[in-house]
Amino acid sequence: MRGLTSDHAEIKNILLRLRPYENKEQMFLLYQKKKKRWMIGLIVVGIVSALYVHGGSQKEKRLLDGNLLVRNVWDAGNYQVDLNVKTKEWDYSFSYLVKEKAYTREEAEQLYRKFAGELPSLICGGNQTLQEVTEDLKLANAYKDYPFMVSWSSTDQDRVSSRGKVNRKGLEDEGQWVTLHALVREVDTGLEQELTLKVFLAPEKLSEEELFFRRVEESVISMDKVSAQKEIVTLPVFVEGKELTWKETKQDHSIFILLLFGAASLFVGRAMDHDLQKADRKRLKELQKEYPEFAGRLRLYLCAGMTARNAFGRVAQDYAERTGKKKRLFLESEMKIACNQLSNGLPEAQVYQEWGARCGEMRYRRLGFLLSVQLKQGNDRLLQLLEQEADVAREDQRNQARKEGEEAGTKLLFPMILILIMVMLLVLLPAYVDFGTI
């Protein structure tokens, strides 16, 4: 009981630290109620799930009277059953696939007669009847609730294809009858029958304008056939007494190209800005990384008795000798500019402050200010400040390295979760498939 009381007290203290302006006892009671609700809810869900799974496993017994397996009716699918067989000496377990019930010859013939009666309505599609067809027909290879495979053919493939595509173009005054042949097969019993259906394609109902331009198209096709062996195709000038004016329609994609390249230019501009900002951030990180070493070198030369100007120049020389012909550091470039300014006679205090401002990093600005102030106050105070600066910079560098390590671990978290999900799917999917076949 003392341990439980101690735990309660610790929970109360944590809640109070998180929400110091609320009543501790009331927060604890609400916390306990919420915890109990979650625990009881999870237990209830677990019980219901367990009962559901248990009921599903016991709901339908496949093995009856000790040695009888019940088949599913046709179109209900096959199922997998786990069996165990024993003798006096041995015990063996295996899985067996029980196929769905197949039709007998008599059952297939009876079902065929029903199918033949319903087939005209099954293939109508969007048409009211086969005696007036205006839309495509539904000529499928199989139909729901029937175990037959159907192969279609047509006496006029140009008007009605074996897939049910209807072409009524040119049927203006009267329609046309087309005969469809359906070869019906039932695989298990070997039943094979042929059905013949007649469909009437209704004539097209065209407006005066649509009818006229249909005549124009036919006239163009006719003149093209006549001039098939000539170099020039002559288009008709008059059709049904109406004069025709021809004009070539060209696909002009210039606006699209202009918009595409305009969008590309905006994208490139944004990408360049992004790269520039990225480079600036990289420069800032490099300056931050070099600061501890720079401050330490500067303090070392000042302790050796050099003036601030000579120490600054010597550090710049060290950086130049270290990099050589390699890629120049940003700090080296800024220091070289500052040394040139000093050689040209600019005031020393001004050079240091401008150098810190150009570097753009807070610590360099502070150091530039300290170097300019030391001209009046001497080196003693500057050495002490430089030591503090170097210590703080090294600590910041360690913290930054720790932070980058944590960020790298966080970036790896998402790929690890994806791999975990894939592994879980590989493990659970076969079990789920086997459970679904029971």
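Modeller: To start with Val427, this residue is exposed, with a relative accessibility of 57%. Keep in mind that this is a predicted model.
Biologist: Where does Val427 sit?
Modeller: Val427 belongs to helix 10, which covers residues 379-436.
Biologist: Which residues make the nonpolar surface patch of about 710 Å²?
Modeller: The patch consists of Ile419, Leu420, Val423, Met424, Leu426, Val427 and Leu428.
Biologist: Switching to charges. How many salt bridges does the structure hold?
Modeller: There are 7 salt bridges. One of them pairs Glu293 with Arg297, with 3.1 Å between the closest N and O atoms.
Biologist: How far apart in helix 5 are Glu293 and Arg297?
Modeller: They are 4 residues apart in helix 5 (residues 254-303), so about one helical turn separates them.
Biologist: And why would a spacing like that matter for which way residues point?
Modeller: An α-helix has 3.6 residues a turn, so residues three or four places apart point the same way.
Biologist: Is Glu293 buried, exposed or partly exposed?
Modeller: Glu293 is partly exposed, at 32% relative accessibility. Arg297 is also classed as partly exposed, at 27%.
Biologist: What about Arg297 and Asp318?
Modeller: Their side chains form a salt bridge too, at 3.2 Å from N to O. That pair links distant parts of the chain, with Arg297 in helix 5 and Asp318 in helix 6 (residues 308-323), 21 residues apart.
Biologist: Is Asp318 buried or exposed?
Modeller: Asp318 has a relative accessible area of 11%, so Asp318 counts as buried.
Biologist: Which residues do the shared partners join into one network?
Modeller: The network contains Glu293, Arg297, Arg314 and Asp318, joined by salt bridges that share partners.
Biologist: What does Arg363 pair with?
Modeller: Arg363 forms a salt bridge with Glu361, and the closest N and O atoms are 3.5 Å apart. Both Arg363 and Glu361 are buried.
Biologist: New topic, helix 4. How many residues does helix 4 have, and what does it span?
Modeller: Helix 4 (residues 208-226) has 19 residues. From first C-alpha to last, helix 4 reaches 27 Å, close to the 27 Å expected at 1.5 Å a residue.
Biologist: Which residues of helix 4 are buried?
Modeller: Phe212, Arg214, Val216 and Ser219 are the buried residues of helix 4.
Biologist: What do the buried residues of helix 4 pack against?
Modeller: They pack against strand 8 (238-239) and strand 9 (242-243).

Methods: Residues are numbered from 1 along each chain as its sequence is written. This is a predicted model: local features need pLDDT of at least 70, side-chain atom pairs count only at pLDDT 80 or more; totals for chains, interfaces and linings use all residues. Side-chain values use heavy atoms; hydrogens and water are left out. A salt bridge is a side-chain nitrogen of Lys or Arg within 4 Å of a carboxyl oxygen of Asp or Glu. Helices (H or I, at least four residues) and strands (E, at least two) are DSSP runs, numbered from the N terminus. Buried means under 20% relative accessible area, exposed over 50%, partly exposed in between (1.4 Å probe, protein chains only). Patches are made of residues with over 30% relative accessible area and no salt bridge: like charges are joined within 9 Å, nonpolar side chains (Val, Leu, Ile, Met, Phe, Trp, Tyr) within 5 Å. Accessible areas come from the Shrake-Rupley method with a 1.4 Å probe; for residues, only the protein chains shown count as cover. The expected span of a helix is 1.5 Å times one less than its number of residues. Contact means heavy atoms within 4.5 Å.
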